[in-house]
Amino acid sequence: MKTVLCYGDSNTYGYNPSNGMRYPEDVRWTGVLQTLLGSEYKVIEEGCNGRTTIYDDPIEGWKNGYDYLRPCLNSHKPVDIVILMLGSNDLKEVFHFTAAEIAKGAETLVKDIIDFTSEKQGFVPKIVLVSPPEIGEGIKTSPFYGSFYENAIERSKEFPKYYKEVAERNGCVFVDAAEYIKPSTIDSLHLSPEAHRKLAEVFTFFLTS
């Protein structure tokens, strides 16, 4: 059985933009992925609302993705595949990061996965580096407006270029989520059930082809 660790933010957690709760397991892309992959795989959900790549949120510093990565890898080892989808929360106005800087944060995580798993489990998992979905054009009317401003839209569109470079430098599989899905029009950040299913189908293709 292959273990697939899905490490991400609210769109891996399964945040429902309609009510602020969590989608059921069979709606979340991680749950759909488990169904599509079947019993030869074990899909582990490690999504956290607000998680950044490597930066401390000034209000909720415990959402730094770097701090939890090694404990997470260690508790689930041996890990055969890591799907890493982080960066959207780094677009918050409080950080003022460019897309290139955010991609460097993602690269720090990729390198840490490589170094840690090489030491602790004796082999490096397949790493699927995902360039996150774009921020929607309606962010100004989103409940999250204020944390994200209009400038986040254009920066999110630059993600694929820089994330692809990171993937190529580090031997990762690259997936541009924006090529396949868009955020819900409800809040311009989180995914609809249809987008969750599509994302699962895309990951299934890349993991089994």
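Tutor: A residue counts as buried here when its relative accessible area is under 20%, as exposed when that area is over 50%, and as partly exposed in between. The model is a predicted one. With that cut-off, the part to look at is helix H4, residues 99-120.

Start with its length. H4 has 22 residues, and the distance from its first C-alpha to its last is 31 Å. At 1.5 Å a residue, 32 Å would be expected, and the span of H4 is close to that.

Next, which residues of H4 are buried? They are Ala99, Ile102, Ala103, Gly105, Ala106, Glu107, Leu109, Val110, Asp112, Ile113, Phe116 and Thr117. The elements that cover these buried residues include helix H3, strand S3 (81-85) and strand S4 (126-131). Helix H5 (151-157) and helix H6 (159-170) are also among them.

Now take one of these neighbours, H3, which spans residues 65-76. The axes of H3 and H4 come within 10 Å and cross at roughly 25°. Angles under 35 degrees count as roughly parallel, and the two helices, H3 and H4, are therefore roughly parallel to each other. Their crossing is right-handed. On the H3 side, the contact is made by Gly65, Tyr66, Leu69, Arg70, Leu73 and Asn74. On the H4 side, Thr108, Leu109, Asp112, Ile113, Asp115, Phe116, Thr117 and Lys120 take part. Sorted by type, the residues of this contact comprise 6 nonpolar, 4 polar and 4 charged.

Leaving aside residues up to four places away in sequence, Thr117 touches Leu73, Gly122, Phe123, Val124 and Pro125. Leu73 is one of the H3 residues in the helix contact. Gly122 follows H4 and has a positive phi, near 85°.

For contrast, consider Pro71, which has its place in helix H3. Pro71 has a relative accessible area of 44%.

Conventions: Residues numbered from 1 in each chain as written. Predicted model: local features only at pLDDT ≥ 70, side-chain atom pairs only at ≥ 80, totals over all residues. Heavy atoms only, no water. Axes fitted to C-alpha atoms, helices over the stretch in contact; angles between N-to-C directions. Helix = DSSP H or I, 4+ residues; strand = E, 2+ residues; numbered from the N terminus. Parallel < 35°, antiparallel > 145°, perpendicular 65-115°, else oblique. Left-handed = near helix turned anticlockwise from the far one by under 90°. Contact = heavy atoms within 4.5 Å. Nonpolar A, V, L, I, M, F, W, Y, C, P; charged D, E, K, R; others polar. Expected span 1.5 Å × (residues − 1). Buried < 20%, exposed > 50% of the residue type's maximum accessible area, 1.4 Å probe, protein only.
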